[in-house]
Amino acid sequence: MTSRLPKTDGIYLITPQMDDTARLYSLIGSLLQQPPALLQYRHKGTDPALKHRQARALLLLCRDAGVPLVINDDWSLARDVGADGVHLGELDGDLKTARSMLGRNAIIGASCYNSLALAQKATADGAEHVTALQRAFEAQDGGGAVEPGANVGQRAIKGAIQGL
């Protein structure tokens, strides 16, 4: 599969849970001085208007830095703000629908929760990359990510995905 990411190596940054948009903008702006491969905007459980404002502000920063912006959990927000793509968890919506709504050039990611079967299904359904093979750090927001050390075959999953 050909990657839609302009840069396929480097760090994949995920924003912290932060209601203060000015503080988030400042923090991410400083991090983008050394551009990562991608920035994922992730804010669980906040009001839609705040998420929209933050996503638009981050999109401007990302455009200036040449970094793709992916929105977590919400393909409609990604579409509405003009983000480069979306990252969906198992309960966040259908990958085929996201691909259809965002277009063939959108970056579509999916969480696979250390499951080869989920990773294979996600790529078959249009995901370009899968994550949550194994976290390096605890999530601070109770987002339900897999516990560190719960790796059940990261190399096997990576090898199987590369073979698709």
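Visitor: Why is A122 called buried?

Guide: A122 has a relative accessible area of 5%. Buried means under 20%, exposed over 50%, and partly exposed in between, with a 1.4 Å probe and protein chains only. The 5% of A122 falls under 20%, so A122 counts as buried. One caution about the source. This is a predicted model, where local features need pLDDT of at least 70 and side-chain atom pairs count only at pLDDT 80 or more, while totals for chains, interfaces and linings use all residues. Residues are numbered from 1 along each chain as its sequence is written, and side-chain values use heavy atoms, with hydrogens and water left out.

Visitor: Where is A122 found, and in contact with which residues?

Guide: A122 is found in helix α5, residues 116–124. Helices (H or I, at least four residues) and strands (E, at least two) are DSSP runs, numbered from the N terminus. Contact means heavy atoms within 4.5 Å. Leaving aside neighbours within four places in sequence, A122 is in contact with L95, A110, A127 and V130. A122 and S111 are 11 residues apart in sequence, and their C-alpha atoms are 8.3 Å apart.

Visitor: What makes β5 mostly covered?

Guide: In β5, 5 of its 5 residues are buried. Both faces are covered. I107, G109 and S111 lie on one side, with I108 and A110 on the other. In a regular strand the side chains alternate between the two faces of the sheet. In β2, L38 and Q40 point one way and L39 and Y41 the other, and all are buried.

Visitor: How do you know that β4 and β5 pair?

Guide: Two strands pair if DSSP finds at least two bridges between them. Strand β4 (residues 85–88) and β5 have 4 bridges, in the parallel sense. The 4 bridges meet the requirement of at least two, so β4 and β5 count as a pair. L88 stands opposite A110 in β5. On to β6: 3 bridges join β5 (residues 107–111) to β6, again running parallel. G109 has H129 of β6 as its bridge partner. β1 and β2 also have 3 bridges in the parallel sense. There, I14 has Q40 of β2 as its bridge partner.

Visitor: Why is one side of β1 and β6 left without a neighbour in the sheet?

Guide: First the sheet: 6 strands form an open sheet in the order β1-β2-β3-β4-β5-β6, with parallel pairing. β1 (12–14) and β6 (129–131) stand at the edges, each with a single partner strand, so one side of each has no neighbour in the sheet. Neighbouring strands of this sheet are turned by 25° against each other on average, direction ignored.

Visitor: Across which strands does helix α2 lie?

Guide: Helix α2 (residues 48–65) lies across β2 (38–41) and β3 (69–72). Helix α2 runs at about 170° to β2.

Visitor: What makes up the largest nonpolar core?

Guide: A nonpolar core is a set of buried Ala, Val, Leu, Ile, Met, Phe, Trp, Tyr and Cys residues joined through side-chain atoms within 4.5 Å. The largest has 31 residues, and Y41, L58, L69, I71 and I108 have the most contacts inside it. Helix α2 gives the most to this core, with 5 residues. Leaving aside neighbours within four places in sequence, L58 is in contact with T15, L24, I28, L39, Y41 and L69.

Visitor: What is noted about the phi of N114?

Guide: Phi of N114 is near 60°, a positive value in a residue other than glycine. Most residues other than glycine have a negative phi. N114 is found in the loop between β5 and α5. N114 is buried, with a relative accessible area of 8%. D73, in the loop between β3 and α3 (75–81), has a positive phi near 70°.

Technical notes: Axes are lines fitted to C-alpha atoms, for helices over the stretch in contact, and angles run from 0 to 180 degrees between N-to-C directions.
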